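Welcome, and please load the model in your viewer.

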Amino acid sequence: MGGACAPLASAAHKSLAASLGYRHRQQYSHGKVELAERDNVKHYLGGAIMDERIRNFFSRSHLFDEMVTYQLAHIRPHWELIWDPEKNEYTPEEHSYAEITNNLIIELSKLDPPLKYHNNEDKLAEYCKLLLKWDIKKVGPRWIGSPYTSILEQGGFRDLNQKELCLAICGRIKAALDRGQLHFDDMEESHRTMLADVIAVTLFHRSDYS
């Protein structure tokens, strides 16, 4: 199950770049969009803005592969990822999640972060509760009755193009940035673990089993 996760088109949601205080203007030159930009926002082909803070959030991480792709080593055995500083991405390898991860990072960098990312995850839990008849319920901010990762994994089968999962990831990253945690490795441990699990679930649903 794969495919791109479409950006959330809503006036109630600001782009991640705008929400972080960036201002830009569009100028058209030779059929491409050029942006007057600040340091962390750059052009992206087709006219979409890509926030470099998202890419930088995952760059040169010492923990990402241990916490994310290692969980999926039974599907793709080359779980260790190597960061290419020249291309500013993970080096693609056979039987690796590097290319899928690179694509996900680009996708996340163009999304509008939700105001309440838990609402996106709740939709997956409601699917498990109402359609799969799981004995789970939400108590305060938490779902109880089954491991949360299992809830997201099973709910993800109903999530077309992993739209809700991607928005939840984007929202969690923005929350980290808002707290001054500008890199995956610098996140508070419990928040980093939860983000890693949501990313792993997303990559799982984008795995090619052939």
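Before the first selection, a word on naming: helices and strands here are DSSP runs, numbered from the N terminus, with a helix having at least four residues and a strand at least two. Keep in mind too that this is a predicted model.

**Stop 1: the largest pocket**

Select Y117, H118, P141, R142, W143, Y148, R172, S190, H191 and M194, which line the largest pocket. Which elements give two or more residues to this lining? They are α5, β8 (142-144) and α8 (189-205). Now colour the lining by residue type: five residues are nonpolar, three polar and two charged. The space in this pocket comes to about 290 Å³.

**Stop 2: I199, along α8**

Stay on helix α8 and pick I199, which lies in it. Is this residue buried or exposed? I199 counts as buried because its relative accessibility is 1%, below the 20% cut-off. Show its partners next: setting aside neighbours within four places in sequence, I199 is in contact with F58, F64, V68, L104 and I169. Then draw a distance from the C-alpha of I199 to that of C166; the two are 33 residues apart along the chain, yet the separation is 8.2 Å.

**Stop 3**

A search of the whole structure gives zero disulfides.

**Stop 4: two loops with positive phi**

Move to N88, in the loop between β5 (83-84) and β6 (89-90). Its phi is near 60°, a positive value in a residue other than glycine. N88 is buried, with a relative accessible area of 19%, just under the 20% cut-off.

Finish at K133, in the loop between α5 (117-130) and β7 (137-139). K133 also has a positive phi, about 60°, although it is not a glycine. Is K133 buried or exposed? With a relative accessible area of 65%, K133 is exposed.

Technical notes:
Residues numbered from 1 in each chain as written. Predicted model: local features only at pLDDT ≥ 70, side-chain atom pairs only at ≥ 80, totals over all residues. Heavy atoms only, no water. Disulfide = S-S within 2.5 Å. Buried < 20%, exposed > 50% of the residue type's maximum accessible area, 1.4 Å probe, protein only. 1 Å grid on protein atoms, 1.4 Å probe; cavity = no way out; pocket = protein on both sides within 12 Å on 5 of 7 lines; lining within 4 Å. Points joined across faces, edges and corners; volume = space filled by probe spheres on them. Nonpolar A, V, L, I, M, F, W, Y, C, P; charged D, E, K, R; others polar. Contact = heavy atoms within 4.5 Å.
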